[in-house]
Amino acid sequence: MARPRIEVLSRDEVEEIHLRSLNILNRVGVRIEHEEVLNMLRDIGAEVDLNKKIVRIPEHIVREALKRTPPIVRLYHRDGKNYVELYGWSTYFVVGSAAYYYIDWRTGEIRRPMTRDLADVAKLADALPNTHIMSTALVPADIPEIVADRWRMYVVLKRCSKPIDTGAFTIEGVPDAAKLMKAVVGEENVSRKPFMIFAICSSPPLKWSSLTVQNLMDCAKYGIPVHIIPMPQTGGTAPATLAGAVLQANAEFLSGVVIAQFTKPGTPIVYSGSPTVFDQRFATSCTGYIEVGLMSAAFSHLAKFYGVPSASYTMVSDAKTFDQQATLEPAFGALISVLSGINMAIGSGMMLEENGISLLKLVIDDDIAGSALRFAKGIQIDVETLADWLIEEVGPGGLFLKYRHTREWWRKEHFIPKLLDKKTTDTWKKSGSKTLDTVAREFIEKVLKEHSVEPLPPDIEKSLDNAMLEILKKHKVEKVPEI
Amino acid sequence: MSVKEELFKRLKEAVVNGDPEEVSKIAKKVVEVGIDPLEAVEKALVVGVLELGDKWVKGEAFIADVVAAADAMKVGLSILKNEIVKRGRSIKYLGRIVIGTVEGDIHDIGKSIVATLWEASGFEVIDLGVDVPPKRFVEAVKQYKPDVVGMSALLTTSMLKQRETIEAIKQAGLRDKVKIVIGGAPTTEEWAKEIGADGWAPDAFSAVQLIKRLFGIEG
């Protein structure tokens, strides 16, 4: 069986991008707004200009950092038993994170999200079979900004059993997250069985903010996995050429690896990316351009070259409402993700320049993900599947319906979408001539009503509540919304 | 076409084409021949950049073209300014704006694009850069006496600094001297009202309309 694959770069081209990245780090360097890191990098032999905060990183340091990076990253469910393994050509679909807006699935209104909306996203994601990793999807407006990053983790933890892609907006974000994790899985398992992965975004071109670097160092210290996310905008904060954007992003990724691995060797890192096309007509950062797929596939190839897992924001649509565009962009993205072996395909449910979450999109993305995953499995060829004996038995003009082989294999061979319509036209008319958005809305309603999330054991729930309460107290937040 | 008209036409075209070398060459020529430098600014440099800004708003030009035109204009300005000052005159802008990304935030691109589009709409824009602390904004208000202060924030955390900055301007007793506008991905109209800003723009396009509205210019 030939596994369907695409490769957008040749081996020589990957090597060239790698070598030119080393050259950029060595000659141009990166700007890091964090004195402790600047001193650390100077101590290990990098050339540091403390005034300009520019670090030029020699090749041998990068090579050493890469050697320290583990090849496999495991993300556990909060029960500490199930996990997804980020490695090889397996793709897992991830809900888009940290949206500032919510596209109400009942009304279509774009509005600020509330805590109960985040709880809905979590519950729905918990139920969706092809959405493997939840995220702290929304930034609720009904909790003070200063604790919003940790409040999101808490809400999602209560309402979803899957691993969580998250991030911190504050200096205390990571240490407090470690406390929440400790409350759930115990101190020794924060790094052994991590159920959260942190988004660490460089600021292109070639720049790291003090907050991001602090979050990265904290994750390294606690052994919490990170995905390092260069975000080149073609023609904005990166060259307009895809090769140039990938090259610059790769240099940024490598600089992040250096910071993490020299803070603590063995820090679990995923090579992530959020490449966008900077639309010159509207000054917008677009995620749904097909070139985003090309750059994402290139990142995946580079990640495999370095022997680290990969991720990219391939599922985000630029559509402003739930229309055809909102489904066709992630459909390209999903297929590109599985074919290029991106381990985390991020952005399910996400639209509006990574600023909005739509439940309608989330449930259809789950069908899209299922379809793409099926495609990636390819065609299984063996005696049983070739079924030449059966063809002989049925003979010319016969029917396959009554055979056991059919009953057994039809289900196995096909991905059966939950929402896409396959009925006869007449049946479709008789059942109300429903369009996809109506079907999706009904599905959401049903799941939110019927699905029950595996509850946390009472003692664990209590220790989690206490941990969150302490964080809220520290920030003098007294009133919190109901979940 | 007179020599002056000919030079102005070429100067404007060079701005529209985003060609700083050509702009520099012609601007020097303007000074050399003794043509009124203020007129060259008003009838060529500014006209060129306004034309491109307008084209972008209509969807007929790329933002990179506008940025190149604004940069080319600045090259011309730097050459002609001295000559204008020498003649005891000054350039008339539609207004003066101070802009910056607030403290704790190093996002540059949104702020820079808005700054350029405002320049391309006929305003004098003083760009304070990124990670600008409240007290630097206060100093800038004192120093440049702008009509408007613009603040960008791309993070939910740094957004809070917009409020702090407005408070700092208030405390310095300068709030009634300037209008304050804010923008950036996490900001909303409600947020702008809550912190007492005079205007909010969700994107670069709206930022152009906002500033024109504030100055009572048709847009």
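Predicted model: local features only at pLDDT ≥ 70, side-chain atom pairs only at ≥ 80, totals over all residues.
The crossing in which α9(A) passes α10(A) is right-handed. On the α9(A) side the contact is made by Leu242(A), Ala245(A), Val246(A) and Asn250(A), and on the α10(A) side by Glu291(A), Leu294(A), Met295(A), Ala298(A) and Leu302(A). By residue class, this contact holds seven nonpolar residues, one polar and one charged.

Helix α10 (residues 290-306) of chain A also packs against helix α11 (residues 324-339) of chain A, here at an angle of about 15 degrees, with the axes 10 Å apart. The two helices, α10(A) and α11(A), are therefore roughly parallel to each other. Their crossing is right-handed. From α10(A) the contact uses Ile290(A), Gly293(A), Ser296(A) and Ala297(A), and from α11(A) it uses Phe332(A), Gly333(A) and Ile336(A). Four residues of the contact of α10(A) with α11(A) are nonpolar, three are polar and none is charged.

A further helix pair in chain A is formed by α12 (residues 359-377) and α17 (residues 436-450), whose axes come within 9 Å and cross at roughly 95 degrees. That angle makes α12(A) roughly perpendicular to α17(A). Helix α12(A) contributes Leu359(A), Leu360(A), Val363(A) and Ile364(A) to the contact, while α17(A) contributes Leu436(A), Asp437(A), Ala440(A), Arg441(A), Phe443(A) and Ile444(A). Eight of the residues in the contact of α12(A) with α17(A) are nonpolar, none is polar and two are charged.

Chain A also has an open sheet of four strands, ordered β2-β3-β1-β12, in which the pairing is mixed. Its edges are β2 (47-49) and β12 (207-208) of chain A, each of which pairs on one side only. Strand β1 (residues 30-32) of chain A pairs with β12(A) in the parallel sense, over two bridges. In this pairing Ile32(A) stands opposite Trp208(A) of β12(A). Helix α2 (residues 35-43) of chain A packs on the sheet and touches β1, β2 and β3 (54-56) of chain A; the direction of α2(A) makes about 145 degrees with that of β2(A).

At the level of domains, chain A is divided into domain 1 (11-62), domain 2 (67-377) and domain 3 (383-413). The centres of domain 1 and domain 3 of chain A, taken over C-alpha atoms, are separated by 60 Å.

Chain B is assigned domain 1 (3-86) and domain 2 (96-214). Taken over C-alpha atoms, the centres of domain 1 and domain 2 of chain B are separated by 27 Å. Where they meet, 11 residues of domain 1 of chain B are in contact with nine residues of domain 2 of chain B. On the domain 1 side, α3 (37-57) and α4 of chain B each supply at least two residues. The largest share of that side, six residues, comes from α3(B). The side of domain 1 of chain B that touches domain 2 of chain B divides into 10 nonpolar residues, one polar and no charged.

Chain B has an open sheet of five strands in the order β2-β1-β3-β4-β5, with parallel pairing. Strands β2 (124-127) and β5 (199-201) of chain B each have a single partner strand, so one side of each is left without a neighbour in the sheet. Direction ignored, neighbouring strands of this sheet are turned by 25 degrees against each other on average. Strand β1 (residues 96-101) of chain B runs parallel to β2(B) and is joined to it by four bridges. Within this pair, Ile99(B) stands opposite Asp127(B) of β2(B). Helix α9(B) packs on the sheet, touching β3 (148-152), β4 (179-183) and β5 of chain B, and its direction makes about 155 degrees with that of β5(B).

The last contact to follow is that between the two chains. It takes 17 residues from chain B and 18 residues from chain A. On the side of chain B that touches chain A, the elements giving two or more residues are α4 (63-86), α5 (109-119) and α9 (204-214) of chain B. This side of chain B consists of 12 nonpolar residues, four polar and one charged.

Conventions
Residues numbered from 1 in each chain as written. Chains lettered and ligands numbered in written order. Axes fitted to C-alpha atoms, helices over the stretch in contact; angles between N-to-C directions. Parallel < 35°, antiparallel > 145°, perpendicular 65-115°, else oblique. Left-handed = near helix turned anticlockwise from the far one by under 90°. Contact = placed C-beta atoms within 7 Å. Nonpolar A, V, L, I, M, F, W, Y, C, P; charged D, E, K, R; others polar. Domains from an automatic or database assignment. Pairing = 2+ DSSP bridges.
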